[in-house]
Amino acid sequence: MIAAGRRKSIAFFISLGAGLILVTLLLYVGWVLLNWHHGILVFLGVVLAAMIISGVVLNTIFLVREIRRNAQHDAFINAVTHELKTPVASIRLYLETLQTRAVDEAKRQEFYRIMIEDNDRLLSTIEQVLRTGRVGQVGRTLNRSQIDLGEVVEDCLSRVRKLHNLDNGALEYRASAPVSILGDAEEVRAAVSNLIDNAVKYSGNEVKVTVETANLNGKFACVRVIDRGAGIAKTELKQIFKRFYRVPGPLGTRVKGTGLGLYIVRSVAQRHGGRAWAESEGPGRGSTFVLQLPLAK
């Protein structure tokens, strides 16, 4: 209902702007036809009409952008609220069960495992929100050190595999040669982890993700994360790196998350003097995300 209301608001402002421009043009054309012999007045009329039309267009664009931005903020708040409340409610449920009922040792250990996983999920969401603020800070210095990119990728694969309960065959790593970069280890690890996590979430029920690292022309290190999931429309390839922007999952399903992961990836890449981009042949045809960082000299 809320989304439909916003779409109606956007349509209203676009229609209003178009209507005002049309009325202005009609009035102006009529005035010119009646006063064509007054050259200076005609010139001033042209300037005035151009200013009015420009103002209406800019005002309409601003209003539509604000409506869309508010919609993204609302979606972000809803997503974060869900990501925070769900693990907290789950942990509370298992704790109450342990407190009020006699549970055998095997079941107790299973409850502990689930609570630890929920706790990790909760911490991951909190860290994601906090990291967004940190990477957006102007003038914040990087804690640079030499990083073995292969080790970072393997650590991230292990974390994502554990977080999503995946078998070893779901995530594959290929390295053409060892590569080292000079950067902030914490930020680089967050960027790589977000790329892999994003690929898993958008893979649907059958997860098959390949991660590759390579040396590009002796200047850059490259991390490629390839999935066979939902794919991305050509028009959204650049949009997905914006803060709060999210695309539907496989078959239009809603994928869990905050909409901050890819924004963090691109911010980390830019802060390190690199790039991040996405490639896809379209919906249903999988995606490839590329993180490019300067090699250590």
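**Figure 1. Secondary structure of the predicted chain.** The chain contains 6 helices and 7 strands, taken as DSSP runs numbered from the N terminus (helices H or I, at least four residues; strands E, at least two). Their order along the sequence is α-α-α-β-α-β-β-α-β-β-α-β-β. The model is predicted: local features need pLDDT of at least 70 and side-chain atom pairs pLDDT 80 or more, whereas totals for chains, interfaces and linings use all residues. Residues are numbered from 1 along each chain as its sequence is written, and side-chain values use heavy atoms, without hydrogens and water. Of the 297 residues, 40% count as buried (under 20% relative accessible area, 1.4 Å probe, protein chains only).

**Figure 2. Packing of helix 4 against helix 5.** Helix 4 (residues 149-163) and helix 5 (residues 185-201) pack at about 45 degrees, with axes 9 Å apart; axes are lines fitted to C-alpha atoms over the stretch in contact, and angles run from 0 to 180 degrees between N-to-C directions. The two helices are therefore oblique to each other (angles under 35 degrees count as roughly parallel, over 145 as roughly antiparallel, 65 to 115 as roughly perpendicular and the rest as oblique). Contact (heavy atoms within 4.5 Å) involves residues including Leu149, Val153 and Val160 of helix 4 and Val188, Val192 and Ile196 of helix 5.

Technical notes
Buried < 20%, exposed > 50% of the residue type's maximum accessible area, 1.4 Å probe, protein only.
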